[in-house]
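Try each task by eye before reading the solution.

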Amino acid sequence: MAERETWETRLGFILAAVGSAVGLGNIWGFPFQAGQNGGAAFLVVYLAVVFLIGFPAILMEFVVGRRSRRNPIDAFRELGHGAWAIAGIVGTFTAFWVLSFYSVIGGWVLRYLGGSVTGAYFGDATAYFNAISTGPEAVALHAVFMLLVVGIVAFGVEDGIERSAKVMVPSIVVLLFGLGIWASTLSNAGAGYDYYLSPNVDVIVDNIASILPSAVGQAFFTLSLGMGAMIAYSSYLGRDDSLPRDGGIIVIFNTLVGLLAGFVVFPILFNLGIDPGRGGSGTAFKTLGGAFGQIPSGKLVGIVFFFVLLLAALSSAISLLEVVTSFAVENTSYSRPAVAVGVGTLVFLLGVPSALYSDYLTWFNLLAYDLFLPAAVLLLALFLGWVYPHGAVDELRQGTAVSATFSTVWLWFVRIVIPAGILLTLVLGVQELLVQAGVLESAILLS
Ligand code: PHE
């Protein structure tokens with residue numbers, strides 16, 4: 001077995017974890033989900049979910065990763081409960097699944113980077129998106145994106161992952177901030193803010209059956225939870241770090257980036273007269289493309305923006321591939337590069353349908369959000385809360401300044417709040433899948 005690497009510095013870990021969390025989920029996924037689920041209504045539920053379920057859940061993954069110092073599947077055997085490896089298997093499978101369509105979107109980013117240079121999307125941003133998002137060229141760019149991801153993962157943790165995160169994290173915040181300020185000057189920006197920031201209680205109550213699963217899925221997706229990624233990253237962590245503090249930084253930072261993306265996208269949607277509910281998976285691309293077509297030095301801003309988005313997408317995608325790679329490297333005699341190439345090829349093939357037909361991408365995404373992610377986090381919560389509570393609390397308290405009260409409250413969140421929230425989500429999520437598939441005419445529960 002290869003000797004295990006560790007992070008060079010604590011900041012290295014935080015940056016890499018933030019790099020994993022901040023990605024297409026924040027900039028592509030968040031406006032898409034918020035737009036489909038009533039804007040501000042979604043925002044309220046999402047924020048509640050992030051802090052009540054997302055924060056304690058990220059600590060669950062840290063606890064498993066740091067205590068076991070193993071990949072997300074072998075971790076459970078290391079902790080003495082091999083049967084619970086099923087939690088890691090579901091997560092690892094989900095990482096594989098998600099990466100397949102994530103890479104297709106990564107391919108779109110590459111396309112938009114090129115389009116910024118030539119000004120290709122400056123005319124009609126919506127038509128451009130519709131033209132490029134599916135088809136043979138989308139497949140080709142999906143392949144290029146996967147090649148980049150495989151290349152970085154092949155080099156290993158310190159050289160590839162840590163370094164690329166350091167550049168992307170600060171740049172993305174600065175750019176989104178600038179764009180947000182520009183967006184505030186647009187005509188009709190007020191309607192965008194209104195849609196985004198003024199929640200209507202009736203809308204929340206009437207649509208909770210579809211808002212809740214989307215909000216939970218989005219929270220897990222953007223925090224990189226339920227896919228083993230945070231288990232894998234924290235397995236390289238030193239014993240003296242404070243897990244709650246690191247987790248808190250990551251959660252807050254990640255949430256801010258998503259919020260910021262909303263401040264950019266919604267004013268632009270309303271300015272361009274696009275119905276947020278109809279933007280679909282292209283919402284962010286259509287609005288940003290439309291914006292760069294209008295602003296002074298739009299080409300330059302477009303190039304910089306999509307370059308940074310590419311870095312963000314890469315730093316997330318590498319952590320998805322790392323999950324599967326670390327398992328295979330530690331369990332076979334194949335070298336890291338060979339494994340990365342092999343797994344990368346399989347992921348690419350699974351993603352081809354999503355690059356050809358937008359319906360596939362929507363379905364892959366929906367299954368991950370409504371089913372796989374919640375299932376993986378639920379299994380982990382049941383394991384830590386009810387099977388391994390003493391080890392879990394002990395590990396949480398390693399490092400500095402974690403009070404007994406904090407760890408007790410955390411344990412009860414893990415035992416009750418997270419499972420209850422997720423069970424409700426799963427039931428509603430399956431219902432939503434059946435409605436979308438046309439099996440159910442409309443929601444029965446909570447409708
Ligand atoms: N959090 C990433 C995003 O929001 C996606 C991701 C999930 C990355 C899981 C790694 C692991 O884009």
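**Exercise 1. Which helix gives the most to the lining of the largest cavity, and with how many residues?**

Step 1. The top contributor is α14, with 3 residues (helices are DSSP runs of H or I, at least four residues, numbered from the N terminus; a cavity is a set of 1 Å grid points, over the protein atoms alone, where a 1.4 Å probe fits but cannot get out, and lining residues have an atom within 4 Å of a point). This is a predicted model, with local features needing pLDDT of at least 70 and side-chain atom pairs pLDDT 80 or more, while totals for chains, interfaces and linings use all residues. Numbering starts from 1 along each chain, and side-chain values use heavy atoms, without hydrogens or water.

Step 2. At least two residues each come from α1 (10-21), α2, α5 (85-118), α10 and α14 (298-331).

Step 3. Of the 15 lining residues, Ser20, Tyr102, Phe221, Ser224 and Ser316 lie nearest the centre. The volume is about 110 Å³ (the space filled by probe spheres set on points joined across faces, edges and corners).

Step 4. By class, this lining has 8 nonpolar, 7 polar and no charged residues (Ala, Val, Leu, Ile, Met, Phe, Trp, Tyr, Cys and Pro are nonpolar, Asp, Glu, Lys and Arg charged, the others polar).

**Exercise 2. How many cavities of 30 Å³ or more does the structure hold?**

Step 1. There are 2.

Step 2. The second largest cavity has a volume of about 60 Å³. Its lining counts 13 residues, with Glu61, Ala87, Gly228, Ile231 and Leu380 closest to the centre.

Step 3. Here α5 and α16 each supply at least two residues, and the classes are 8 nonpolar, 4 polar and 1 charged.

**Exercise 3. What volume does the largest pocket have, and which helix gives the most to its lining?**

Step 1. The volume is about 310 Å³ (a pocket is an open set with protein on both sides within 12 Å along at least five of seven lines).

Step 2. Among the 15 lining residues, Gln36, Thr362, Leu366, Glu432 and Gln436 lie nearest the centre.

Step 3. At least two residues each come from α2 (24-36), α10 (201-222), α16 and α18; α16 gives the most, with 6.

Step 4. The lining divides into 5 nonpolar, 8 polar and 2 charged residues.

**Exercise 4. Which residues are closest to the centre of the second largest pocket?**

Step 1. This pocket holds about 170 Å³ of space. Of its 14 lining residues, the closest to the centre are Phe129, Ser281, Ser358, Asp359 and Thr362.

Step 2. Contributors of at least two residues each are α2, α6 (125-132) and α16, and α16 gives the most, with 4.

Step 3. The classes are 4 nonpolar, 9 polar and 1 charged.
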